[in-house]
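Have a look at the sequence and the 3D structure first, then try each task before reading its solution.

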Amino acid sequence: MSSEVLRPGLSVGRRARTQLSHLPVAFPIALVLAMLIGLLYLNQASVVATTGYEVRGLETERQHWQIRNEQLKLEIAQLRSLDRVETEARRLGLGPPEQRLFVTRKATAEEWARSPVAQKQQLDRSSVSVDDEQEQATEWWKVLLDYAQNWVTTRFLPKPDPGL
Amino acid sequence: MHELHKQKWRLYALFAITVGCFAVLASRLVYIQIVQHDHFYAMAQEEHWRSEEIPARRGTIMDSASNPLAISVSFDSLYANTLQIDDPDKLAEVLAPILEVPVLELEQKLSLKQAAPVLLKEHLPAEKADEIRKLRLWDIYLRPEYRREHPQGKLAAQLVGVVGRDGNGLSGLELKWDSDLAGKPGSLLAERDTGGEEIALSAAEYVAPVDGSNLVLTIDRTVQMIVERELDAAMQQHQAAAGTVLVMDPYTGAILAVASRPSFDPEAKDLFSAETVPLYSIPAVADAFEPGSIFKIITMAAALDAGAVTPETAFMNNGSFSYAGGVVRNAVWRAPGMETMTQTLQRSSNIGAAFAATTLGPERFYSYVQAFGIGAPTGIELPGESPGILRLPSSPDWHPFDLATNSFGQGVSVTPIQMVTAVSAVANGGLLMKPYVVKEVDGPTGRRVYHPTLMAQVIRPETAAKLTQMLVSVIETVEDGQVRGARVAGYHLAGKTGTAEVPTESGYASDRTIASFIGFGPVESPRFVIMVTIREPKDTPWGETVAAPVFRNIASQLLPYFGAAPSVPEEVQAMESRR
């Protein structure tokens, strides 16, 4: 009798039977796994959706507070309007001055820069034409020449007799 | 056998019908899924995905100290999805007391069966919106929408301008600077649920809106308020048809205040009515008028600068002046004999002005007038600027006699902005500055700062100084024991009155005048140039009695406001102690 052995271990028939015998165990496990995965997915989807709506809710709330903030800024601007300030001042018994006292003091550098006189000087400088600049240059040289002439005169020319 | 055959046939028939039905269904499916795929895909996309425009915030318009004059603020508006409302009457009864709207009106709105949301109430106050929110109603919802607010009320309404219901600028700065102010709207393309709400954490395409830039003006709201109050008082006192006041910084060309009457309330409900819309324009730049005697400042500046006359140049004023076939007379007949150029300005002599212009000659006169910017727009960044009318010798309708009439402001028309710009050149030593009203544009794309622009040196500083002294004498000379209307105790101011008749198709209407005054001060270092124009005063026609007091009232408040020390403090103290 020749016994057909395909490979060491189980024969084909026994192996198939063994695999079939695992089926009652594997199938429920697979089913449970699939259910677990499904449940996990559903749970995650639910959590994501809930979180999403919470985010939306918070965004709406943020928007609401932004609107309130804008409206309060408007209210501040309205309260600071000159008409309202004047009304309140009058209600407090304040009014235009009846007498003024003028006190003069030296302006700071910043105040001076803002003053119309400084602005005028700035404008005058910016409007200086080329001819004016040449004229100014000539005047500068004239001053230098005058100085030199004066220096030569006082140094080298004979001094007048104080007795004359 | 026959019965069996019959049954088989029925079976075949049933099979054929079933197959046929399936075939029809399959072909329909193929038609829908394949042939009409794009169409139905687009429909599905449209239902699930909806694009929504996110409006950009319009930029704020502020005065020189950053106080908002026009600002966009979000308010909640209440909408309803009426298709989903089962009981509109009940809902109306709940909402009506909160919205302060008649129940019937709400019922009508809620009963509208339309796919588009129905607006129930626009721009709800925060408290009302909170009350609605607490109701947690499904079929109505709040949506934030911008509203243009004017915290300073009617202040500078024409200058600031109006924004239409669509959010676009219609007039004033809102129109001229619309491209800067408007910004760029964004969009949100998102998946929506059956209620039309965005599905949280779904895929979405969001393009953020770019907010509009803020404008910082050269306008000082305190100066503006002073100007508007004095203008209102003058309008009421003289029952005038219209009035304009313009204040400029002569050294920079910055507009400090601009006001006109009649005006409008930017918060009023009739803002878009046919009666209000004509008031949108800015008369200070849009309305050209015959300036009358205030134009003598330009005539005299030209004649002095060209060396044609000096302040002491005298001529024989015998009550009329003949030139080029025409005769010039003064508004009030007077023949004082010899009259100097300074007296010409003091007495507002038409004959003296004609003498100066004709001595100068047409070529040089019009050359100076044009150099002062008359006959051309100043280029200020405001809508509807008029160039005025200036006929030149080269014009076919110019007559040589026009030289004489133009010299005292007849036959020529100017805008207040042109006159203020021209007189600023006298105040600042001869420099023509370009007027401007926006000093800064600050927005998401960057910050632009506008600086004063020098256009030309129109007259020499010495001429400006001489003319200033002549104009000081106009205000300070006591005529017939009467102190001039523009005099402010303690300060040296310069200025000139004008009384122009209103031109009509058949000549001039003698019963209607434009009373004006233009002046500046303090002359030692001028802080402002003020131009006052009062149209058609009912009680008295003269610039001296109508416009000059407005100038005085404004100047007397601006001088201490600008910290200008009086030239003669004793005068101020004496005046105050007399009160």
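**Exercise 1.** Is Leu181(B) buried or exposed, and what is its relative accessible area?

*Solution.* Begin with the ground rules. This is a predicted model, in which local features need pLDDT of at least 70 and side-chain atom pairs count only at pLDDT 80 or more, while totals for chains, interfaces and linings use all residues. Residues are numbered from 1 along each chain as its sequence is written, chains are lettered from A and ligands numbered from 1 in the order in which they are written, and side-chain values use heavy atoms, leaving out hydrogens and water.

Step 1: recall the scale, where buried means under 20% relative accessible area, exposed over 50%, and partly exposed in between (1.4 Å probe, protein chains only). Step 2: find Leu181(B) in helix H8 (residues 178-182) of chain B. Helices here are DSSP runs (H or I, at least four residues), as are strands (E, at least two), and they are numbered from the N terminus. Step 3: read the value; Leu181(B) has a relative accessible area of 0%, so Leu181(B) is buried.

**Exercise 2.** Which residues of helix H4 of chain B are buried, and which exposed residues does the face turned away from them carry?

*Solution.* Step 1: helix H4 spans residues 103-111 of chain B, and its buried residues are Leu106(B), Glu107(B) and Leu110(B). Step 2: looking down the axis of H4(B), these buried residues fall within an arc of 105 degrees, so they line one face of the helix. The arc is that of the directions from the helix axis to the C-beta atoms. Step 3: the face turned away from the buried side carries Leu104(B) and Gln108(B), which are exposed.

**Exercise 3.** Which residue of chain A forms a salt bridge with Arg229(B)?

*Solution.* Over all chains, 26 salt bridges are found. Step 2: the partner of Arg229(B) is Glu86(A), with the closest N and O atoms 2.2 Å apart. Arg229(B) is partly exposed at 34% relative accessibility, and Glu86(A) is partly exposed at 21%.

**Exercise 4.** How many residues apart are Glu228(B) and Arg261(B), which form a salt bridge?

*Solution.* Step 1: the closest N and O atoms of Glu228(B) and Arg261(B) are 3.0 Å apart. Step 3: both Glu228(B) and Arg261(B) are buried. Step 4: elsewhere, salt bridges that share partners join Asp83(A), Glu86(A), Arg90(A) and Arg229(B) into one network.

**Exercise 5.** Where is Leu42(A), and is Leu42(A) buried or exposed?

*Solution.* Step 1: Leu42(A) is in helix H1 (residues 12-79) of chain A. Step 2: Leu42(A) has a relative accessible area of 55%, so Leu42(A) is exposed.

Definitions and conventions:
A salt bridge is a side-chain nitrogen of Lys or Arg within 4 Å of a carboxyl oxygen of Asp or Glu.
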